[in-house]
Amino acid sequence: LENGRKITWFGGARMHDETKVIQKLLRVSRRPPDNAASHDGLILWCRRYNYKTKTYDPYTCLGRLSYHSHVPGSRPLKFVWNLLDFEKLANHEEVSIRETFQELVNL
């Protein structure tokens, strides 16, 4: 979404608006990034399934998240997150980090 600056995430099958973990995600992610303590906030790690080897690739950090929107009452819950470190990761000096990030966000 928005050229990789936003990402869609779906909660697990048992998650709903009143689930404790969803309430915490909403509370923490809606804080302004400048006001969050260094130990607070959301960081997205993801990995892809490799169909050739039938294994998962290593986890990759997609950086810090902030809340953009969600669809209350949806099953599974649908969230859209802002990727706060988009510029830093999309232009990272280390080629492997930059290319992996760009591939994962479809740049």
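Residues are numbered from 1 along each chain as its sequence is written, and side-chain values use heavy atoms, with hydrogens and water left out. Because the model is predicted, local features need pLDDT of at least 70 and side-chain atom pairs count only at pLDDT 80 or more, while totals for chains, interfaces and linings use all residues.

**Exercise 1. State how many salt bridges the structure holds, and describe the pair Lys-6 and Glu-2.**

Step 1. A salt bridge is a side-chain nitrogen of Lys or Arg within 4 Å of a carboxyl oxygen of Asp or Glu. The structure holds four of them.

Step 2. Next, sort the two residues by relative accessible area: buried means under 20%, exposed over 50%, and partly exposed in between (1.4 Å probe, protein chains only). Lys-6 has 13% and counts as buried, whereas Glu-2 has 51% and is exposed.

**Exercise 2. Find where the partners lie in the salt bridges Glu-87 with Arg-5 and Arg-48 with Glu-103.**

Step 1. Helices (H or I, at least four residues) and strands (E, at least two) are DSSP runs, numbered from the N terminus.

Step 2. Between the side chains of Glu-87 and Arg-5 the N to O distance is 2.3 Å. The pair links distant parts of the chain, 82 residues apart: Glu-87 is in helix H2 (residues 86-90), and Arg-5 is in the segment before strand S1 (6-10).

Step 3. Glu-87 is partly exposed at 45% relative accessibility, and Arg-5 is partly exposed at 34%.

Step 4. In the other pair, the side chains of Arg-48 and Glu-103 meet at 2.6 Å, N to O.

Step 5. Arg-48 counts as partly exposed at 35%, and Glu-103 is partly exposed at 46%.

**Exercise 3. Decide how many disulfides there are, and check Cys-46 and Cys-61.**

Step 1. A disulfide is a covalent bond between the sulfur atoms of two cysteines. Here the rule is a pair of cysteine sulfur atoms within 2.5 Å.

Step 2. The count by this rule is zero disulfides. For Cys-46, the nearest cysteine sulfur is that of Cys-61, 8.9 Å away, and Cys-46 is in no disulfide.

Step 3. Cys-61 is likewise in no disulfide. Its relative accessible area is 28%, so Cys-61 is partly exposed.

**Exercise 4. Give the strand order of the open sheet and name the helix that packs on the sheet.**

Step 1. Two strands pair if DSSP finds at least two bridges between them. Four strands form the open sheet in the order S1-S6-S5-S2, with antiparallel pairing.

Step 2. S1 and S2 are the edge strands, each pairing on one side only. From one strand to the next the twist averages 50°.

Step 3. Five bridges join S1 and S6 in the antiparallel sense. Ile-7 has Trp-81 in S6 as its bridge partner.

Step 4. H3 packs on the sheet and touches S2, S5 and S6, where contact means heavy atoms within 4.5 Å. The direction of H3 makes about 25° with that of S5. Such axes are lines fitted to C-alpha atoms, for helices over the stretch in contact, and angles run from 0 to 180 degrees between N-to-C directions.

**Exercise 5. Locate Ser-74 and His-92, and list backbone atoms that their side chains reach.**

Step 1. Ser-74 sits in the loop between strand S5 (60-71) and strand S6 (78-83). With a relative accessible area of 15%, Ser-74 is buried.

Step 2. The Ser-74 side chain reaches the backbone oxygen of Pro-76 at 3.2 Å and the backbone nitrogen of Lys-78 at 3.1 Å.

Step 3. His-92 is in the loop between H2 and H3, and its side chain reaches the backbone nitrogen of Glu-94 at 2.9 Å.

Notes. Polar contact = N/O pair within 3.5 Å; in protein donor to acceptor, adjacent residues only side chain to side chain.
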